[in-house]
Amino acid sequence: MALAKDYDSVMGRSNDIMKEALGLDYNEFESGSVAFDYEALMKSTGYTLEEVAKIQSRTAVGNTPLIELRNISALARKYAKPGYGARIFAKDEAANASGSFKARRAACAVAHAKKLGYKGVIAATSGNYGAAVASQAAMQGLKCIIVQECYDSHGVGQSEIVEKARKCEAYGAEVVQLTVGPELFYTFLSILEDTGYFNASLYSPFGIAGIETLGYEIAMQCREIVGKDPEMVVCTNAGGGMMTGTARGLIKAGATDTKLVAASIDLTGLSMASDVQFNKKSCTTGHTGFGVPYATDPDHSDVPRSAARPLRYMDRYVTVKQGDVMYATEMLANLEGLERGPAGNTALVAAFSLAQELPEDAVIVISETEYTGAGKHIQPQLSFARDNGIDIYFGDPNAEDMPGVNVVLPKDPSYIKAIDADLNHFRQSLIKKSCKKHGVTNPSEADLKFLAEETKTDVEFVKKTLGL
């Protein structure tokens, strides 16, 4: 008998569809309360760090260069007090097959799908991950479908997203393009069910395990180049996968004193689910519209329990402005001869500002740069913004930036500033949301310990947050 394909029926079968599409039963890790066994979930991949690195090496992924940005570091020192201005290095993830760090996630996930005998893979993404999955599927001889939230209700697609669709199609993937709204997850689930393909989710343990090699390589390369671990690693933050995987890789390398900083573009006031506001964003990822919700509620992703849990590892969360990112993209090209995409340069903006807080012998690594070109270049992005009524001018981004209204480019580099977000507020939000979601008013000791680990705090912080 044919299964009902209406919205409520498909969404009601979500867990069963996921189990079939991942070969993974999330119930095995549940406690029946707030807590679940996160480390057991990560070990369920069955791959060691060394095995993941071997998988990636077969498909042109990993061992990307660590490049010192000498000219940008020198520029930062001009605005720092004497003796300050850390050395800034970029982990050039554009060197991966498909052109971004997302290839690390895809390599592990697609190889696992091949190992289990799936005929194809599916991913729901508007970003670089779609291209990464399509690229890896082509290498592994698997079919690939990318489900992409692309258009507003008038059929207008963002230049960056449309460009990524072209890249997916170039690798042989079928791209299903949708308007913004709740139909994305429904369509994704329905296609998974109909095809029997593997769910190459951004948030599965396979995807996050793939990023651990990034953190491990950063530590090893820093030791080789500068003779020590970096004082700070800055990750562009959206869904939290890069922060989680990079941190876990650094820990496995023994770089336990390195501070982990998340950086997102401040798009406060723009709703990611709004049809009207969909095309008002200067960048489609790496911003607070994804970064904050996924940090404080990681399990609202496309799997029952997300393996991307950034608040477990974050030491700071900073925001930067849209105009800063566009400016830094051109700065990287003009001063360092590296033309890379704006999303990765969110971390560069933060590093430029944070470097001025650290002494000259300190090292900051930004963990992502990405390919650029066509619709991903800053010029079509700014042109698209103008076409949608956004005012673009030079000024003071921190004083004048209004997401959805303008993009303010800094008058000079002194105006580039990373602003600290209230990390404890995010931690408290996660704790309260977790208890509410699971209907828990009297958390057990296991729950309290779990929530302390989730937020990189302690049991007393959790109790105080919950008024216990």
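Predicted model: local features only at pLDDT ≥ 70, side-chain atom pairs only at ≥ 80, totals over all residues.
Local features need pLDDT of at least 70 and side-chain atom pairs count only at pLDDT 80 or more, while totals for chains, interfaces and linings use all residues. Residues are numbered from 1 along each chain as its sequence is written, and side-chain values use heavy atoms, with hydrogens and water left out.

The helices (DSSP runs of H or I, at least four residues, numbered from the N terminus) discussed here are listed with their residue ranges.

| Helix | Residues |
|---|---|
| H7 | 128-140 |
| H8 | 159-170 |
| H18 | 445-454 |

H7 and H8 pack with their axes (lines fitted to C-alpha atoms over the stretch in contact) 8 Å apart, at an angle of about 5 degrees. H7 is therefore roughly parallel to H8, a term for angles under 35 degrees, taken between N-to-C directions on a scale from 0 to 180 degrees. Asn 128, Gly 130, Ala 131 and Ala 134 of H7 meet Lys 164, Lys 167 and Cys 168 of H8; contact means heavy atoms within 4.5 Å. These residues divide into 3 nonpolar, 2 polar and 2 charged.

In H18, Asp 447, Leu 448, Phe 450, Leu 451, Ala 452 and Glu 454 are buried, that is, under 20% relative accessible area with a 1.4 Å probe, protein chains only. Their cover includes helices H17 (423-437) and H19 (459-466).

Thr 59 counts as buried because its relative accessibility is 6%. Beyond neighbours within four places in sequence, Thr 59 is in contact with Ala 97, Ala 107, Gln 136, Met 139 and Gln 140.

Conventions
Helix = DSSP H or I, 4+ residues; strand = E, 2+ residues; numbered from the N terminus. Parallel < 35°, antiparallel > 145°, perpendicular 65-115°, else oblique. Nonpolar A, V, L, I, M, F, W, Y, C, P; charged D, E, K, R; others polar. Buried < 20%, exposed > 50% of the residue type's maximum accessible area, 1.4 Å probe, protein only.
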